[in-house]
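Here's a quick briefing to read alongside the model. Have the sequence and the 3D view open while you go through it.

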2 protein chains.
Amino acid sequence: MPVTLAVDAMGGDHGPSVTVPASIGFLEATADARVILVGRQDSLDAALDRHKAKNESGARDRLSVHAASEVVDMDEPPADALRRKKDSSMRVALNLVKDGVADGCISAGNTGALMAIARFVLKTLPGIDRPAIASQLPTKKGVTTALDLGANVNCTPQQLVQFAVMGSALVSAVDGIERPTVGLLNIGEEDIKGNDVVKEAAELLKASGLNFHGNIEGDDIYKGTTDVVVCDGFVGNIALKASEGLAAMLYDFLRAEFTRNAATRIAAAFAYPVLVAFKRRIDPRRYNGATLVGLKGVVVKSHGGADALAFRYALNKAHAEVVNDVLDRIAQRIAAMPAATAAAPAADPRPMPNA
Amino acid sequence: MPVTLAVDAMGGDHGPSVTVPASIGFLEATADARVILVGRQDSLDAALDRHKAKNESGARDRLSVHAASEVVDMDEPPADALRRKKDSSMRVALNLVKDGVADGCISAGNTGALMAIARFVLKTLPGIDRPAIASQLPTKKGVTTALDLGANVNCTPQQLVQFAVMGSALVSAVDGIERPTVGLLNIGEEDIKGNDVVKEAAELLKASGLNFHGNIEGDDIYKGTTDVVVCDGFVGNIALKASEGLAAMLYDFLRAEFTRNAATRIAAAFAYPVLVAFKRRIDPRRYNGATLVGLKGVVVKSHGGADALAFRYALNKAHAEVVNDVLDRIAQRIAAMPAATAAAPAADPRPMPNA
């Protein structure tokens, strides 16, 4: 069965000039897929005129436009976007998922608004208090999946366990790892370390039936100690952003050393292919696409500044999640959770101003 | 007046084989300083036999040994180290500071034990609830000073303000910056971001008289957006360790690319001087030495795995703090704080099992 993805074509820093060519490239490479571009008809028509699909790929025939008159601003308060912009490209794309027209939604727009509107439109899965943001990060051994990366600033131990369950199901479904190892991000490996929330979460995780490795420290993320890294959104967001900042600084330093003088520029010429290979290996575009897990629908958030290549990775991610039945896998794992970790039946659909 | 430093000579992964040559090197380079090596007489005599000071430097004459029969293990619970090892090298070194025999103490030992024993022996400065761990980190612009990096897993808004005051005083005294800028680590710049603790801390910081920049995000650490970065010890420790892990991974990847095949090895030979310069620039040994701020005494914690060069940086740091009257500067700034941010008069001297 072909997979249909709804793309918030107006979202992100670049809007249709990125989302349209990325969608065409994705369709050219993915024979069974369809894309619905959601946004302003005139902007999308113009972008489609500029970016032609290769005729033989049939990509253009699998691409359609669904009009939406409004756009959520990148710095708009999520509650405003939810209340006032009923015809935003973001919301209409999510509605297409809710209505079963599309199998998943991809947006590079305002993260807090996407989370708030997705919760309102799609609702959370039974047994989940709050959705989380999950993303793959590179490690020495391959990749790890970390969550929450910013949706929930205050988490209960039960929520951390729910993140662990969702992360495990995601990794299991998409990466084909039967029983992914789960690490709880903490400031030491011993049981006595950490605050009360992580200590209680560790106890719950031991009894959860998950493949719980135990506490891990910050450096274990990039060592690849576990397949899943669980933390609250405050810590996760800061660790992720600190990593981005450090990588940017090191890259700047490396460039500065190679451009210091004539001799180092000659060295750079010799080293160029190696440096390109290094850069490709850590290219953040390859890791673009964070999954909003815990919703009754596949929703992938692209980095706001993504270029067309990066946005294609986010499309691939949503496609893989649909193909691998991530939603069902998460729902099954949640249903199999011990009662102590389950959420109250009625999840709160309020928007999250903090997200 | 000469500065006298008490060195916990048994601490760290390597003990006297690092602390003794580091102390000799430090004394050879620092004419006005004295060092008291604290530890087992036989171990220290043996290390002093192996590592000779240059005669003309007079270093050996400024180096003495103070016997202590016990050693705190690297993984010993802090409360045990505090209660049971009254004659540990760590505790005796701190006693020398308390008794005015030494001006500061340096240890590469167990961080939690050092913090617990230092609080018990030296007590906290008036107006400070709990000491914090502060360290310099490299940035695109130079350096920043971040605290707390792991001593306090749960912080009140008032404690975060105290960290800001102490960090400002430290940077002001040692780096000579009159009014250091202070950033509050958060998941967004806007006032509505973050948990209740950071939101209240931000309000208090605005009224603190400090040069408060506002909320900063994880990547601002390495951008060098502010001179001081304030966070609780849970977040700070995880961000720091994640950074260490990422740097190690990137270094591994770079080496892997340069040793991939004969062609890349030739490129590596050409690039070698540049890579050495790059490595020197980010050498973590240059940033070794975290300050335990908020105590009635200068205490610097070296990384447990530090080599002699790294340990010398920690000695230099303690020396600079003594010379620049950091303790008085912090006490003055604390005394000038608005009442809302001051600690209860009687600070709790219990050891911290979480540290």
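**The sheets, and what sits around them**

Chain A of this predicted model has an open sheet of 11 strands with mixed pairing, in the order β3-β2-β1-β4-β11-β10-β5-β6-β9-β7-β8. At the edges you'll find β3 (63–67) and β8 (211–216) of chain A, each with a single partner strand, so one side of each has no neighbour in the sheet. On average, neighbouring strands of this sheet are turned by 25° against each other, direction ignored.

A few ground rules. Residues are numbered from 1 along each chain as its sequence is written, and chains are lettered from A and ligands numbered from 1 in the order in which they are written. As this is a predicted model, local features need pLDDT of at least 70 and side-chain atom pairs count only at pLDDT 80 or more, while totals for chains, interfaces and linings use all residues.

**Terms for the strands and helices**

- Helices (H or I, at least four residues) and strands (E, at least two) are DSSP runs, numbered from the N terminus.
- Two strands pair if DSSP finds at least two bridges between them.
- Axes are lines fitted to C-alpha atoms, for helices over the stretch in contact, and angles run from 0 to 180 degrees between N-to-C directions.

**Strand pairs in chain A**

- β1(A) and β2(A) run parallel and are joined by 6 bridges, with Thr4(A) opposite Arg34(A) in β2(A).
- β1(A) is mostly covered, with 5 of its 6 residues buried (20 or more other C-beta atoms within 10 Å of a residue's own; exposed is 12 or fewer, partly exposed is in between, and C-beta atoms are placed from the backbone).
- Helix α1 (residues 16–29) of chain A lies across β1 (3–8), β2 (33–39) and β3 of chain A, and runs at about 170° to β2(A).
- Strand β6 (residues 143–147) and strand β9 (residues 228–230) of chain A pair in the parallel sense over 3 bridges; here Thr145(A) stands opposite Val228(A) in β9(A).

**The sheet in chain B**

- Chain B also has an open sheet of 11 strands with mixed pairing, ordered β3-β2-β1-β4-β11-β10-β5-β6-β9-β7-β8.
- Its edge strands are β3 (63–67) and β8 (211–216) of chain B, each pairing on one side only.
- Strand β5 (residues 132–138) and strand β10 (residues 290–293) of chain B run antiparallel, joined by 3 bridges, and Ala132(B) has Val293(B) as its bridge partner in β10(B).

**Where the chains meet**

- In all, 50 residues of chain B are in contact with 50 residues of chain A (contact means C-beta atoms, placed from the backbone, within 7 Å).
- On the chain B side, the elements giving two or more residues are α8 (218–223), α9 (233–258) and α10 (262–281) of chain B.
- α9(B) provides the largest share of that side, 21 residues.
- By class, the side of chain B that touches chain A has 28 nonpolar, 11 polar and 11 charged residues (Ala, Val, Leu, Ile, Met, Phe, Trp, Tyr, Cys and Pro count as nonpolar, Asp, Glu, Lys and Arg as charged, and the others, Gly among them, as polar).

**Domains of chain A**

- Chain A is divided into domain 1 (1–128 + 294–324) and domain 2 (132–285), with bounds from an automatic or database domain assignment.
- The C-alpha centres of domain 1 and domain 2 of chain A lie 26 Å apart.
- Their contact takes 12 residues from domain 1 of chain A and 9 residues from domain 2 of chain A.
- On the domain 1 side, α5 (111–122) and α11 (308–323) of chain A are the elements that give two or more residues, and α11(A) gives the most, with 5 residues.

**Buried spots**

- Val230(A) and Val230(B) touch the most other members of the largest nonpolar core, which has 238 residues (a nonpolar core is a set of buried Ala, Val, Leu, Ile, Met, Phe, Trp, Tyr and Cys residues joined through C-beta atoms within 7 Å).
- Leu44(A) sits in helix α2 (residues 41–50) of chain A and is buried, with 24 other C-beta atoms within 10 Å.
- Leu44(A) touches residues including Ala9(A), Val20(A), Leu37(A) and Val65(A).

- A cis peptide bond joins Leu147(A) and Asp148(A), with omega about 0°; Asp148(A) lies in the loop between β6 and α6 (157–175) of chain A.
- Leu147(B) and Asp148(B) are also joined by a cis peptide bond, with omega about 5°.
- Lys123(B) has a positive phi of about 70° although it is not a glycine, and Lys123(B) is partly exposed, with 17 other C-beta atoms within 10 Å.

Definitions and conventions. Two residues are in contact if their C-beta atoms, placed from the backbone, lie within 7 Å. Lists of a residue's contacts leave out its neighbours within four places in sequence.
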